[in-house]
Structures are given as structure tokens and as C-alpha cells.
Amino acid sequence: MRYCINCCIHLLPNDLHRQCFRCRGPNHNNQKCPKKKKENKIPLCADSKQMKLLEKKKIRTDPSESWNGFFCLRKKKKNSLIFGLLIMTLVMASYILTGAKHGLLLIPSPFHYGAFTSNPSLMDNESLSDMKDHYQPSKMNISYVKDYPSIKLIIDTITSKIEFVTRQRPGLEELRKQEPHMFSVIPNKFLPNSKNPCWYEEYRGNTTTDPYATNSYALYSKRFRTIFEKKKKVFWNHLYHYKDKHYRLRCLPHFYIIGQPKCGTTDLYDRLRLHPDVRFSAIKEPHWWTRKRFGEDGFHDRYPVEDYLDLFDLAAHQIQGVLQSEAAKERGKMNSIIIGEASASTMWDNNAWIFFYDNSTEGEPPVLIQDFKKKKQPNAKLIIMLRDPVERLYSDYLYFASANKSAEDFHEKVAESLQLFENCMLDYSLRACVYNNTLNNAMPVRLQVGLYVVYLLDWLTVFDKDQILVLRLEDHASNVKYTMHMVFQFLDLGPLSEKQEALITKSPASNTRRPEDRSLGPMLPTTKAILRDFYRPFNTKLAQVLFDDAFLWKRT
């Protein structure tokens, strides 16, 4: 049964009340409603002061009648309704723009955090890629609550589940199976007279062919396209001609700055590129090993290894110039130019493995980036820049958050991320949670990036310790000259003149915090205490691995 709002006329399910627009006149009388006399219950009427709100089951709305009912309202009623909607819209806008600050809202923030299902059948029969379908509302909502003891219970649960277990390395055949094209393009041996890993490959294009026409970096970025246009103009001048064939010099980086984000890698990159013997890729952070190789988590075309190698063509041209010089030919001079690459995601971002590699029963990736690097570049050198993970996380939040940034909002996101991480640790290993794409995308702040020792131990399973240089941003900031000398020595770079050294060590710091972010001030003391507790066991293990208590970050 349905009723017209103004005249209360009884309607059939599919009827439209044609007299609705005539019910607005002064002669309308609710008492003369033909159907109302036969009803013992008072229907819901806009003009009546009496309403039985529990009679909801008697009133059903139909989309075709909703607009008729709206026009049936008196002008005063319509104005009131519009005014009410306007007020409600303003209140909602205020809620969103203020970001639930200072407890000014009339209702609490409606956060319901996801949880991993504690279901044995999920672990036995389903892959981690399906875990996104098993998120459930959490029983404990810790949104915007600065209650240290309550959150400390979550951290204690995480700490009790921490186990640093050595991973099993995949064999060569497994790696070939996963990346056959990479193994077919990159040779096993490089030119003996070059410090940097380089080799010649035949180029089958002609003078009218654009060598970068299909390069994915150029296709998907207008900014990168400009770079490749410049490279195209000089490409043909650097081909090597031998027996009616054209050869191009291909090179991989000699060293990689592999991490971590917001730890000073940009500043290190900017200083190193001033060294006369150092060259970098045409793009600072190609992210090929971690993302582009997989097509950005499997949602775009995969970038072939040739596209990655194209980024080092300009550096390869300079190396080729040294190799073909008269001095090199006569005296067997060794090329001393080395190439670097500085994708800060290389150390930690293995999230895309789930889309391409067979899942293991423990939910851990069967192969990692370092497995491929070691097989193709056994002598590669790796540089890692770290900082206090607590401060790193806050800097990361300020840099990547788009709106409503505040210390309170950061606290709330930390609390949510901790709960999500705890839920994963209840069912899975530490490594499985750290490399879990679903979890990492769900956490509002990147807690996992600060678990340095988890990643470092995995790199040390394939690379020797003397191939990895680990620095602290705090030391770099206080004494740039000292840290740069460590890097020069590690890379076996030649001596510099005083002028060259001054240019490198005295240049201003790069990628510092933006003024608008500095104005937000530090994180809340409670948030800092929570994060100190969370990262403490990981920092302790890191200091043990590196034999350096400075990585405990007790003084920061």
C-alpha cells in the first residue's frame, strides 16, 4: 500500500496519482480523503502533525512517484527541504576538509580496518593474491586514539611473531624459466677492457629507423620522450662498423643505489654524478627491476630489458669513445668510466612477484630481484642509504600524502597500518607479510619500508658483504665529505682535485623537506613512542648484522 504525500489517496502499485497537482489548493481537506476513513492507522502525510514512524512497512517508494511526490510539496516545504539538504552538504564538506581534526565532529570517524582471515583453508588452498577478498571489519577500532597501552598490545603481538629465517635461493634453471628473454639478451661475459659491464650487439636497423620508436619509457611519458629525441640524433654517430655490419655498445650499471626512499638517495645521486668518472641512466629512477619489468604490478605492458638498456646509451657512447681512442688501442688502456642507477625501490619493492611467479605454499616470493642481478652481474656493487625508520616514515607521509596532512592524521594512519600488519603476522611469516602486495597497498603508510634488516638479509643471501655499502643519512648530513669519501673508495674511483672535491661536497643538499611540510611540525610524541617500539627489534637485528650500534638510532 502506498499513499500520496499530500492528499493521502490510496494508490495501487503501478498507479500514478493524476490529481496530485490539484491537491495544493486551499479546499483540500485531509479529513475528506476517500481512503483515509477506511483505515484505522494514520498514514504518513507531510501536512499532518501526526506520524507513526514505525509504520515503515506500510510505505514503499517507487522511483516513478518520487518526483511526483516532490512536486506535491508546498512551496514552503520544498524550500525547507532544499535548505536542509544545503546544510547537510555543508556539514559533510566541513567534515572532509577538516579531516576530523581536534574532535570537532559530531560523529566519530567511520573507519573499519581490514583484517586477514585466520583461516587454515586460505593458507593451504589460496594464494596471497586472493587475500584481498578476505578482509573483514576489525573488532577493535583504534582510529584517532592516542592510547599508547592499547596500541602497545598490537606491537607486542607483532614482536612475538618475528622470526628472521634464511630464505631458500632459487636455482639457475628456475630463474631462466621466469625470465627467459632477459637471459637471452644479457650475456654472461662482458668486455675485459672496461671497468663497467658492457658488450657489443648487432644492430639490424637502417638509417631511417628510429632506434627508440618502441621504447616504453618514451611511449608512456612526454618528458622522457624529449630525452629520447635528443638521443636519437646522435645514435648513428656511435655505431661500430665491422664487416658490413653495425654494432652498438650495450651497458649495464656498475653500481646501484638501491634504497631507501626518503633516506637521502637523491642527494647522494646528485653529488655522485658530479664525479668525472661517473655516469647515470638518462632517467634518475627507472624502477625497471621492481616495477616496469612487470608492467606496474601487471596492469600495463611489461617493459622489455632492451628498453632499460636504452637508458644507458649516452654513457655507453662515452665509454665507447674511450675504448676506441688511440691511447686505448696502443697501450691497452682500461676504461675507467662507470655507470650508476638510483631507483630507491630496488632494495625493498618485490610486490609484483605475485602476478607472474608461481606462489609458494608459505606465501613468500620464490624469486627476488637480487637473484637475477647476481646471476647476470655477479660483481655489481650496491649502495644503501638508511635513516631512523621512525623519521623516515613521517617524511614519507609528508611527501606522498596529498591532502589533510597533520600530526593527528599521521598518528591515525600509523595505528591503522600497525593493526593490518598484526593481522597478517598472525597467519603468515614475516617475509610473506613484508612482500605482500595486498597488505602493502592497504596500509595507509609504508611501515614495511623501514624494516631494513629484512631486506638486507635477503640481499646478503646472494651478494657478499663487501659488495654492499650501508650508510646512514644522519652521518651524511653531519659530514658530507666523510661519507662521499667512503663512496669513492667503495667504487674504487680515482683521486679528485681540490676544486672537484669542493664542488661535490659543498653543493647544497638535494630534495629537502618542503616549507609547507616543515610548517606542520613534528609527529606527536605518542606516535613516536609507538613507532620506536615497533621498529626496535628490527633495528637491534640490523645493528647486529652490521656490527654497528649506530643503527639502533638511540639518539634521534
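Buried residues are taken here as those under 20% relative accessible area, exposed ones as those over 50%, and partly exposed ones as those in between (1.4 Å probe, protein chains only). The structure is a predicted model, in which local features need pLDDT of at least 70 and side-chain atom pairs count only at pLDDT 80 or more, while totals for chains, interfaces and linings use all residues. Residues are numbered from 1 along each chain as its sequence is written, and side-chain values use heavy atoms, with hydrogens and water left out.

With a salt bridge defined as a side-chain nitrogen of Lys or Arg within 4 Å of a carboxyl oxygen of Asp or Glu, the count comes to 26. One of them joins arginine 431 to glutamate 364, at 3.2 Å from N to O. This pair links distant parts of the chain, 67 residues apart: arginine 431 is in helix α18 (residues 430-434), and glutamate 364 is in the loop between α14 (353-356) and α15 (369-376).

A second salt bridge brings together lysine 528 and glutamate 391 (3.3 Å, N to O). Lysine 528 lies in helix α25 (residues 525-546) and glutamate 391 in helix α16 (residues 389-400), so parts 137 residues apart in sequence are tied together. Lysine 528 counts as partly exposed, at 29% relative accessibility.

Turning to the strands, an open sheet of 5 strands runs in the order β7-β8-β6-β9-β10, with parallel pairing; two strands pair if DSSP finds at least two bridges between them. Because β7 (278-280) and β10 (468-472) stand at the edges with a single partner strand each, one side of each is left without a neighbour in the sheet. Neighbouring strands are turned by 25 degrees against each other on average, direction ignored. The axes are lines fitted to C-alpha atoms, for helices over the stretch in contact, and angles run from 0 to 180 degrees between N-to-C directions. Strand β7 pairs with β8 (residues 338-341) over 3 bridges in the parallel sense, and valine 278 stands opposite isoleucine 338 in β8. Helix α20 (residues 452-460) lies across β6 (255-259), β9 (381-386) and β10, at about 165 degrees to β10, where contact means heavy atoms within 4.5 Å.

Technical notes: Helix = DSSP H or I, 4+ residues; strand = E, 2+ residues; numbered from the N terminus.
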